[in-house]
Amino acid sequence: MSYLSRRSFLIGAGAGVGAVVLGACGSPSNSFSPASAVEEAERLRRQDGAPVRVVDLATVAGPVELGPLLVESWSYGGTVPGPEIRIRAGEVLQVRLRNQLPTETTIHWHGIALRNDMDGVPGVTQDPIPAGGEFTYEFAVPDPGTYFFHPHVGVQLDRGLYGSLIVEDPDEPGGYDREVVMVLDDWTDGVGEAPDDILARLTAGGMDHSGMGMGNEDSGMAMSDVLGGDAGDVMYPLYLINGRAANDPQVIEANSGERLRLRIINAGSDTAFRLAVGGHSFTVTHSDGFPVMPVEGDALLIGMGERYDLEVSMREGVTPVVAIAEGKGGRARLLIRAGTGEPPPAEHLPDELQGRLVTVDALAATARVEPKAAEPDRIHRLALDGDMMSYRWTINGDIWKGTLPLDVSSGERVRLEFDNRSTMFHPMHLHGHTFHMSLGGGARKDTVIVKPGQVLAADFEADNPGRWVVHCHNIYHAEAGMMTGLTYTP
Ligand code: C2O
Ligand code: CU
C-alpha cells in the first residue's frame, strides 16, 4: 500500500477522535471506534427540532410482479422497487426493518453522509440482522439529492432488494413541473440463474458463460468502447425500469410543454446503462445527488450505484425512455405520455442513443459544492486488479477482508487514486462521504466509473468519523473481494 502523509496532526479537536481504537479485521463489530466521535458528528448534523420521519420496512421472500410477470424473489414488502422513501434534507429518518428473509441482511443508505453506525455494513458498522430479527436505523440526513437503499450482504442487491431514497431540497431552485424517478436494474432472479448460483459459478472459474440463461451475443462476451472494453460478466434475461420490462413498460402521464426532472438510479449489479429520451435532448443537473453545471446531451452513461438527475422539456406525443444494457444488447423502457400519440414498438431504439453521450468527465461542480482548492494531506492509491479467469478482484493485491484499511484522520483532505490495472471497468463507491473528481470540472460524487487503464483521483474531506468501506459496485466483484476499509485513526 502506498500512501503519503504530509501531515497527520489533528484538526478540529472537538471531534474527539483521540478515542479512536484501531479495529483490526475480525474485531467484534460495534467495538470499533470512537462511538463518542460518531455521536458528536451526529449531534453537529442534527438540527434543533428536526422532524423524525418514521418508515416501516420488511424484507420478504415471495412473489413479486414485474408487470404481468410473477416471479419469486426477495424484496422490500413485496414490490420491486421497494417503497420509495422521500424526506427533506435536515430531517431525521427512522426506519424500522423487520427481516423476514430466511437469512441475515442489513440496509445500506447509498450515498448518504450519515452516522457511521447506521451505514449497514455487516461486521464493520453493525452485526447483521438475523432471519426473523429487527433493527431500527435512525440518522439525520444532511444533503438533498437522489439516493437509494439496498442490503450490504452477499449478492442480495441482485434480487429485488432496492428502493429509491429521495431527499428533497428545502431551498429547491428547480423550476420543473413534474418529477419522475427511474430505477434501472438487471434482472435474473426467479427467471434465469439465481444470483447466489451466478456468484458460485463465477468464483469457481468464471470464463464459462454457458450457464447464462439467455446470453445475447454468440461469444457471450459483453464489450463496450465507452466502458473501455469488457462491459460485464453476466448476461441477464431481463432489464427493468421501475420493475417493468421493455415489452410492458410503465407509462407516466405528463403534459406537453412541461419541464420534467428525471431522477435516474442504477440499481443494477453488473450492468452499466446508456439512457436516452426518444426525440428529446436533456440537461444533466445533478450527479450522485449534488448539483453540476448544466450540460446538454442526448444520451447518458450510468454505472452501477450512480445517480443522475436530468431535465427534459416534453414534446407532444408518447416518448420512450430507453436504457440499453451498455455492451450487452438488452434494454429497458419507460413511456411518457404527453397528449395523444402512439407508443413506438418495443424494439425501437431512439437515434439519441448514438448522439452526444454525457459521461462524468463532462461534468463540473456548481459553485455551491465546489471543492476547496487544497492539496491533499494524504494520498491513498488503490490498485484495482483481477480477471474473469480467477474471479479474484483485488484492491492493492488483496481481497476483502485481507485488504489493509486505508487510514485517514479527522480534518484531513484525502485523495483516493483509483488505478485500474484490469481489463474491465469498476464503478468505485465510497461510503459516508462524497468526493470531487480530479477530471473534468470536479463533479461531486460518491460512485465513479474507472475504466481499464485509467487513473482517477477523488478528493474528499475526512469529516465523518468511523470505519467505512470503499468498493466496486459491481456486486459480484465486491463479493469476490474488491472492497477495502477506510478507517479514522488519531
Ligand atoms: Cu451501494 Cu457499499 O454500496
Ligand atoms: Cu469491479
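Predicted model: local features only at pLDDT ≥ 70, side-chain atom pairs only at ≥ 80, totals over all residues.
Which residues coordinate the copper ion (ligand 2)?

Residues are numbered from 1 along each chain as its sequence is written, chains are lettered from A and ligands numbered from 1 in the order in which they are written, and side-chain values use heavy atoms, with hydrogens and water left out.

**View 1. The copper ion (ligand 2) and its donors.** His426 (ND1), Cys472 (SG) and His477 (ND1) coordinate the ion at 2.0 to 2.1 Å. Donors here are N, O and S atoms within 2.8 Å of the metal (3.2 Å for Na, K and Ca); water is not among the atoms, so sites may look incomplete. Along the chain, the donors follow the spacing H-x45-C-x4-H. Two of them link distant parts of the chain: His426 belongs to strand 28 (residues 426-430) and Cys472 to strand 33 (residues 467-472), 46 residues apart. Strands (E, at least two residues) are DSSP runs, numbered from the N terminus. His426 is buried, with a relative accessible area of 0%, and Cys472 is buried with a value of 0% too. Buried means under 20% relative accessible area (1.4 Å probe, protein chains only).

View 2. Two strands pair if DSSP finds at least two bridges between them. Strands 28 and 33 run antiparallel and are joined by three bridges. Look for Met428 opposite Cys472 of strand 33.

**View 3. Strand 32 and its partners.** Five of the seven residues of strand 32 (residues 455-461) are buried, so this strand is largely enclosed by the rest of the structure. Strand 27 (residues 413-420) runs antiparallel to strand 32, with seven bridges joining them; here Asp419 stands opposite Val455. Strand 29 (residues 435-437) also pairs with strand 32 in the antiparallel sense, over two bridges, and Met437 faces Ala458.

**View 4. The largest nonpolar core.** A nonpolar core is a set of buried Ala, Val, Leu, Ile, Met, Phe, Trp, Tyr and Cys residues joined through side-chain atoms within 4.5 Å. Of its 125 residues, those touching the most other members are Ile85, Leu93, Trp109, Leu416, Phe418, Tyr476 and Leu486. Strand 10 (residues 178-187) gives the largest share, six residues. The core lies between domain 1 (9-369) and domain 2 (370-488), because both give residues to it; the domain bounds come from an automatic or database domain assignment. Leu93 makes contacts (heavy atoms within 4.5 Å) with residues including Arg53, Ile85, Trp109 and Phe139, not counting residues up to four places away in sequence.

View 5. Strand 2 (residues 52-66) pairs with strand 3 in the antiparallel sense over eight bridges, and the bridge partner of Val60 is Ser75 in strand 3.

Note on methods
Helix = DSSP H or I, 4+ residues; strand = E, 2+ residues; numbered from the N terminus. Buried < 20%, exposed > 50% of the residue type's maximum accessible area, 1.4 Å probe, protein only.
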